[in-house]
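Student: I have a structure open and would like to go through it with you, one piece at a time. Could you take my questions as they come?

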Amino acid sequence: MAPHEQLLLTIPDVMAQLQLGRSTVYDLIRTRRLPSVTIGRSRRVPATAVRTFVAELAEVAA
């Protein structure tokens with residue numbers, strides 16, 4: 001992991017990385033396909049969870 005890499009991503013960060021809309025990202029979180037954590041009133045997605053999600057999609061597509 002690079003020293004400047006974020007460990008937790010905001011929903012807009014995840015939307016940008018996956019090129020998905022807000023509702024789709026929240027649906028993935030709601031259905032537990034994309035793990036997330038809540039800190040106070042803020043929802044964050046671990047960067048490793050995004051990488052794992054993409055890797056799983058690539059496996060299914062292969």
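Tutor: Gladly, and please keep in mind that this is a predicted model.

Student: OK, what follows α1?

Tutor: Next comes Gln 19, whose phi is positive, near 55°, and this residue is not a glycine. Gln 19 belongs to the loop between α1 and α2.

Student: Is Gln 19 buried or exposed?

Tutor: Gln 19 has a relative accessible area of 72%, and because the cut-off for exposed is over 50%, Gln 19 counts as exposed. Arg 32, in the loop between α2 and β2, is another residue other than glycine with a positive phi, in this case near 65°, and Arg 32 is exposed as well, with a relative accessible area of 74%.

Student: Switching to the sheet, in what order do the strands come?

Tutor: The three strands form an open sheet in the order β1-β3-β2, with antiparallel pairing. β1 and β2 stand at the edges with a single partner strand each, so one side of each has no neighbour in the sheet.

Student: How many bridges join β1 to β3?

Tutor: Two bridges join these antiparallel strands, and Leu 8 has Pro 46 in β3 as its bridge partner.

Student: Last topic, α3: which residues are buried there?

Tutor: In α3 the buried residues are Ala 47, Ala 49, Val 50 and Phe 53. They cover an arc of only 165° around the axis, which puts them on the same side of α3. The buried residues of α3 pack against β1, α1, α2 and β3.

Student: What should the span of α3 be, and how far apart are its end C-alpha atoms?

Tutor: At 1.5 Å a residue, the 15 residues of α3 should span 21 Å, and the end C-alpha atoms lie 22 Å apart, which agrees.

Conventions
Residues numbered from 1 in each chain as written. Predicted model: local features only at pLDDT ≥ 70, side-chain atom pairs only at ≥ 80, totals over all residues. Heavy atoms only, no water. Helix = DSSP H or I, 4+ residues; strand = E, 2+ residues; numbered from the N terminus. Expected span 1.5 Å × (residues − 1). Buried < 20%, exposed > 50% of the residue type's maximum accessible area, 1.4 Å probe, protein only. Arc of directions from axis to C-beta. Contact = heavy atoms within 4.5 Å. Pairing = 2+ DSSP bridges.
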